[in-house]
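Morning, everyone. I have one structure to walk through today, so please look at it on the screen before I start.

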Amino acid sequence: MASILTTRGLVKAFGGFRAVDGVDLDVAEGSVHALVGPNGAGKTTLFHLLTGFHRPTSGAIDVAGRDITGLPPDRVARLGLARSFQITNLFAKLTAREHVELALAARTSIGWRFWRSDKALRRFSPRALELLDEVGLAGLADTTSDALAYGRRRALELALALALEPRVLLLDEPTAGMGAEDVDRTVELIARVREGRTVVLVEHNMNVVGSLADTVTVLKHGQVLAEGPYAEIRRDPRVVAAYLGDADVER
Ligand SMILES: Nc1ncnc2c1ncn2[C@@H]1O[C@H](COP(=O)(O)OP(=O)(O)OP(=O)(O)O)[C@@H](O)[C@H]1O
């Protein structure tokens with residue numbers, strides 16, 4: 001399948017230390033691609049490089065045939081890489097629907113100029129409600145975000161990322177800090193929203209990776225240690241050794 005996101009020779013050095021050290025990544029269009037690895041492997045740094053939050057020291061990043069290397073996060077998002085989780089700040093007193101309306105408005109020429117102008121935002125309501133329905137929040141559209149439970153707020157953040165109609169949806173530890181019930185619900189949610197989309201996720205929970213990922217890239221010391229389907233990766237002796245002592249891999 002064609003790659004929609006590629007990196008070549010991607011390096012991020014902090015002083016003399018290479019947190020990401022020559023990573024070549026090929027994310028197939030329509031796939032769920034997980035980035036895993038033991039603590040300190042470079043997953044978060046790679047994620048920040050993909051989303052423009054870090055500038056690479058060297059190497060290239062390409063989305064749908066377009067070189068996005070070194071572009072700032074807002075440009076990267078506009079060119080089709082949207083991230084969700086662990087980044088969005090919700091506004092306590094805005095409803096779920098208003099959040100999504102604003103995200104939809106921000107994509108258009110209206111931008112943020114008509115901030116909270118109900119009239120200008122109302123035309124985005126139908127699409128906002130569709131997106132809320134997609135993430136299981138249809139019944140909570142008029143609830144303010146401060147009244148939403150943690151798992152529901154994360155679902156709202158996902159709807160905000162989807163509002164950007166990304167070519168690639170990047171999820172940063174989507175189940176971090178969740179109890180078992182919310183983890184299950186989030187896996188179901190991602191399984192639903194992945195249809196017709198490409199998803200890259202950083203995830204510690206190997207059950208989640210096993211349930212969702214078509215391809216898993218294992219990082220260690222900033223380099224790709226192994227790559228392939230989860231069933232192969234979890235049996236790869238190099239991967240098992242890298243995780244030794246990390247109970248997650250055995251689950
Ligand atoms: N801004 C920075 N300055 C210096 N070193 C950094 C910086 N950011 C990350 N590092 C180092 O780079 C390495 C990789 O960190 P990173 O957070 O990318 O790993 P990770 O795989 O996401 O780990 P974890 O699973 O613990 O979140 C670590 O050794 C970390 O200390």
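**The open sheet and its helix**

Strand β4, residues 58-63, and β5 pair in the antiparallel sense over two bridges. Pairing here requires that DSSP finds at least two bridges between the two strands. The element names are DSSP runs numbered from the N terminus, with helices being H or I of at least four residues and strands being E of at least two. This is a predicted model, in which local features need pLDDT of at least 70 and side-chain atom pairs count only at pLDDT 80 or more, while totals for chains, interfaces and linings use all residues. Residues are numbered from 1 along each chain as its sequence is written.

Within that pairing, V63 has R66 in β5 as its bridge partner. Helix α1, residues 43-50, packs on the sheet and touches β1 (3-14), β2 and β4. Touching means contact, with C-beta atoms, placed from the backbone, within 7 Å. The direction of α1 makes about 65° with that of β2; axes are lines fitted to C-alpha atoms, for helices over the stretch in contact, and angles run from 0 to 180 degrees between N-to-C directions.

The sheet itself is open and has four strands in the order β2-β1-β4-β5, with antiparallel pairing. Its edge strands are β2 (17-28) and β5 (66-67), each of which pairs on one side only.

**The parallel strands**

Four bridges join β6 to β7, and the two run parallel. Along that pairing, L81 stands opposite V168 in β7, and S84 has L171 in β7 as its bridge partner. β7 is also joined to strand β8, residues 198-202, by five bridges, again parallel. There, V168 has T198 in β8 as its bridge partner.

Which way do the residues of β7 point? V168, L170 and D172 point one way, L169 and L171 the other way, and all are buried. Buried means that 20 or more other C-beta atoms lie within 10 Å of the residue's own, against 12 or fewer for exposed and partly exposed in between, with C-beta atoms placed from the backbone. In β6, L81 and R83 point one way and A82 and S84 the other, all of them buried. As a general point, side chains in a regular strand alternate between the two faces of the sheet.

**Helix α6**

How many of the 14 residues of α6 are buried? Ten are, so α6 is largely enclosed by the rest of the structure. Among them are R154, E157 and L160. The cover over the buried residues includes β6 (81-84), α3 (96-107), α5 (125-134), β7 (168-172) and α7 (180-193).

As for length, α6 covers residues 150-163, and at 1.5 Å a residue it should span 20 Å; its end C-alpha atoms are 20 Å apart, which agrees. The expected span is 1.5 Å times one less than the number of residues. After α6 comes E165, with a positive phi near 45°.

**The two domains**

The domain assignment, which is automatic or from a database, gives domain 1 (1-80 + 168-185 + 199-250) and domain 2 (87-165). Their C-alpha centres lie 27 Å apart. The contact takes seven residues from domain 1 and five residues from domain 2. On the domain 1 side, β7 and α7 are the elements that give two or more residues.

Notes
Contact = placed C-beta atoms within 7 Å.
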